[in-house]
Amino acid sequence: MKQAKIILMRHGECEGGSIFRGQTDVKLTETGMAQMQQAFAELQFPISHVFSSPLQRCQQFSQPLTQRLTLPLMTIPALQEIDFGVWDGQSFDAIYQQNPAKFDAYWDNPWSADSTPDKAESVIDFAARVETGLMSVVDELWRSCQQQHSCLLSIDEQQGQNVPQTAQAVDCPHALVITHGGVMRCLMGYVLKVGQSSGLFANLAIPYAAIMVLDVYWPDDVDKVDGFQVAAMNNNTAKVSFTLHWP
């Protein structure tokens with residue numbers, strides 16, 4: 001079984017205070033940058049890939065990090081925060097004062113189309129977008145596994161040796177993904193198969209610079225990753241499987 005690890009990190013504290021930050025492109029505060037640096041310093045995993053939301057509160061940390069690690073930075077627009085529409089960038093207090101019923105309805109059930117703010121991205125569409133972003137990371141890690149495996153085979157063939165079963169394991173790639181609280185909530189719901197749970201948004205606290213880890217597994221007979229499905233050599237399909245570690 002081939003495997004990989006995805007380490008998701010939420011951005012740190014941002015400018016603007018308590019607002020519907022969404023896709024409002026604000027910078028990190030000095031405290032926010034320090035939070036992310038501390039979280040990264042405590043990681044126990046060697047990082048082989050770095051992915052990031054395009055919003056500057058993620059890029060502000062991921063760009064200098066990849067320069068220091070001499071790794072390419074892969075920016076994934078699908079992993080940016082939800083668009084809150086007309087609420088985006090406004091304070092929670094201001095929105096509540098304008099329309100407390102709408103505010104409460106969205107907080108109670110963000111999945112409902114009736115409670116979605118004007119011009120906002122629906123949570124259903126957001127979740128689908130985020131799942132697509134996750135699978136683009138999975139695709140890249142799969143390619144890395146295949147390349148490493150091919151290199152091992154090539155080295156053994158050049159040396160005229162058979163590859164023993166115990167030597168066929170490929171180093172597990174570790175991807176760091178710099179993203180947002182809403183993205184992490186959606187991915188948690190997707191991996192845990194909890195459906196349209198309002199509790200993921202209303203009752204789950206994800207602090208700044210929080211870490212969530214996904215172990216990724218592919219069956220031994222997998223040939224390639226194709227969207228959400230993995231095409232196997234026996235012409236059957238098998239889904240990539242995940243294990244979530246939180247916190």
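**Close-up views of a predicted model**

**View 1. The largest pocket and the helices that line it.** Helices H4, H5, H6 and H7 each contribute at least two residues to the lining of the largest pocket, and in this predicted model the greatest contribution comes from H6, with three residues. The volume of this largest pocket is about 560 Å³. Its lining is made up of 25 residues, and those closest to the centre of the pocket are Glu-81, Phe-84, Phe-92, Trp-107 and Arg-185.

View 2. A single aromatic cluster is formed by Phe-20, Phe-84, Trp-87, Phe-92, Tyr-96, Phe-103, Tyr-106 and Trp-107. A search of the whole structure finds 13 aromatic pairs. One of them joins Phe-103 and Trp-107, whose ring centres are 6.0 Å apart and whose planes meet at 5°, so the pair is classed as stacked. Both residues belong to helix H4 (residues 100-108), and because they are four residues apart there, about one helical turn separates Phe-103 from Trp-107. With a relative accessibility of 13%, Phe-103 counts as buried, whereas Trp-107, with a relative accessible area of 40%, is partly exposed.

**View 3. An edge-to-face pair formed by Trp-111 and Phe-201.** The rings of Trp-111 and Phe-201 form an aromatic pair with 5.9 Å from centre to centre and 75° between the planes, an edge-to-face arrangement. Trp-111 is located in the loop between H4 and helix H5 (123-158), while Phe-201 belongs to helix H7 (residues 199-202), so this pair ties together parts of the chain that are 90 residues apart in sequence. Trp-111 and Phe-201 are both buried.

View 4. S2 pairs in the parallel sense with strand S4 (residues 174-179) over four bridges, and within S4 the bridge partner of Phe-51 is Val-177. S2 also runs parallel to strand S3 (residues 73-75), to which it is joined by three bridges, and within S3 the bridge partner of Phe-51 is Met-74. Between S2 and S3 the chain passes through helix H2 (residues 56-69), giving a β-α-β crossover that is right-handed.

**View 5. The surroundings of His-180.** His-180 is placed in the loop between S4 and helix H6 (181-192). Because its relative accessibility is 0%, His-180 counts as buried. When neighbours within four places in sequence are left aside, the residues in contact with His-180 are Arg-10, His-11, Ser-53, Leu-55, Arg-57, Cys-58, Leu-79, Gln-80 and Glu-81.

View 6. In strand S5 (residues 211-218), eight of the eight residues are buried, so the strand is largely enclosed by the rest of the structure. The cover extends to both faces of S5: Ile-211, Val-213, Asp-215 and Tyr-217 are buried on one side, and Met-212, Leu-214, Val-216 and Trp-218 are buried on the other. Strand S1 (residues 2-10) pairs with S5 in the antiparallel sense over eight bridges, and Leu-8 stands opposite Met-212 of S5. The pairing of S5 with strand S9 (residues 241-245) is likewise antiparallel and comprises five bridges, with Ser-241 in S9 as the bridge partner of Tyr-217.

**View 7. Gln-90 in the loop between S3 and H3.** Gln-90 is found in the loop that lies between S3 and helix H3 (92-98). At a relative accessibility of 27%, Gln-90 counts as partly exposed, because the buried class requires a value under 20% and the exposed class a value over 50%. Not counting residues up to four places away in sequence, Gln-90 touches Ile-19, Phe-20, Ile-95 and Gln-98; among these, Phe-20 is also a member of the aromatic cluster. Gln-90 and Gly-17 are 73 residues apart in sequence, and their C-alpha atoms are 9.9 Å apart in space.

Methods. Residues are numbered from 1 along each chain as its sequence is written. This is a predicted model: local features need pLDDT of at least 70, side-chain atom pairs count only at pLDDT 80 or more; totals for chains, interfaces and linings use all residues. Side-chain values use heavy atoms; hydrogens and water are left out. Two strands pair if DSSP finds at least two bridges between them. A crossover is right-handed if, with the strands pointing away from the viewer, the path from the first strand over the helix to the second runs clockwise. Buried means under 20% relative accessible area, exposed over 50%, partly exposed in between (1.4 Å probe, protein chains only). Contact means heavy atoms within 4.5 Å. Rings of Phe, Tyr and Trp (its six-membered ring) pair if their centres lie within 6.5 Å; planes under 30 degrees apart count as stacked, over 60 as edge-to-face and the rest as tilted. On a 1 Å grid over the protein atoms alone, a cavity is a set of points where a 1.4 Å probe fits but cannot get out, and a pocket is an open set with protein on both sides within 12 Å along at least five of seven lines; lining residues have an atom within 4 Å of a point. Grid points are joined across faces, edges and corners, and a volume is the space filled by probe spheres set on the points.
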